[in-house]
Amino acid sequence: MVEKIIKKSGLKVKKNIITSWEIVYDYALKNPNVLFYTIVRTKEREDKFHWIGRVSDRRMFIYALKKRKDISIKRWQDLEAYKTLSLRKATVTDYISKRGAQIYPTTDLKQAYKMLINERAELMVMLDYSKDHLDKKNLVKPVWEIDQPGSFYVAMSKQTPEYIVKKVRQAYLDLKRKRKIIPITRRD
């Protein structure tokens with residue numbers, strides 16, 4: 001999707017892929033010409049970025065190892081008993097922390113998954129499609145669906161010149177109108 005938007009905009013782009021969510025978030029807050037794919041649009045973030053367009057629904061779960069039959073989450077308070085891995089600076093981390101989760105913040109989803117598999121924590125937060133990507137051996141199961149609202153967006157750093165933001169936004173809108181890109185909707 002992002003490649004199509006960039007191509008349509010006619011801009012020359014240098015790709016920098018940073019794996020740490022915390023690093024890329026901080027970098028985008030301080031530097032111009034940063035395209036963010038993907039970021040959750042929240043009230044707190046509204047004025048920090050230029051919002052290009054919606055990418056997908058967001059469906060997040062808390063996962064445990066399948067072999068851990070003793071783990072049962074029936075209400076938010078049940079999370080207090082378990083170490084939960086979640087990405088630092090992700091909106092979901094703050095959300096579940098306020099509801100009682102004992103957070104062990106991480107900066108890398110793949111590393112967090114390895115920590116869960118090696119039993120360095122009991123629970124892990126991730127998207128349903130991240131689970132599909134990381135859990136090839138089908139070792140984890142969802143134990144709680146997180147009810148935090150929100151969607152994923154493409155955004156640009158606030159310091160980006162307006163003419164660039166307009167080009168990228170127009171490219172997104174043109175591709176969406178022509179149905180060359182279609183936001184991903186929730187799957188049940």
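Predicted model: local features only at pLDDT ≥ 70, side-chain atom pairs only at ≥ 80, totals over all residues.

Mentor: Ile5 has a relative accessible area of 2%, and because the limit for a buried residue is under 20%, Ile5 counts as buried. Tyr63, by contrast, lies 58 residues from Ile5 in sequence and 33 Å from Ile5 in space, taken from C-alpha to C-alpha.

The partner to consider next is helix α6, which runs over residues 162-177. Helix α6 has 16 residues and spans 22 Å between its first and last C-alpha, close to the 22 Å expected at 1.5 Å a residue. The buried residues of α6 are Ile164, Val165, Val168, Ala171, Tyr172, Asp174 and Leu175, and these pack against α1 as well as against the strands β1 (35-40), β2 (49-57) and β8 (151-157). Just after α6, Arg179 adopts a positive phi of about 60 degrees.

As for the way the two helices meet, α1 and α6 pack at an angle of about 115 degrees, their axes being 8 Å apart, and their crossing is right-handed. On the α1 side the contact is made by Lys4, Ile5, Lys8 and Ser9, which meet Lys167, Val168, Ala171, Tyr172, Asp174 and Leu175 of α6. The residues of this contact divide into 5 nonpolar, 1 polar and 4 charged. Ile5, where we began, is thus a buried residue that takes part in the contact of α1 with α6.

How values were computed
Residues numbered from 1 in each chain as written. Heavy atoms only, no water. Buried < 20%, exposed > 50% of the residue type's maximum accessible area, 1.4 Å probe, protein only. Helix = DSSP H or I, 4+ residues; strand = E, 2+ residues; numbered from the N terminus. Expected span 1.5 Å × (residues − 1). Contact = heavy atoms within 4.5 Å. Axes fitted to C-alpha atoms, helices over the stretch in contact; angles between N-to-C directions. Left-handed = near helix turned anticlockwise from the far one by under 90°. Nonpolar A, V, L, I, M, F, W, Y, C, P; charged D, E, K, R; others polar.
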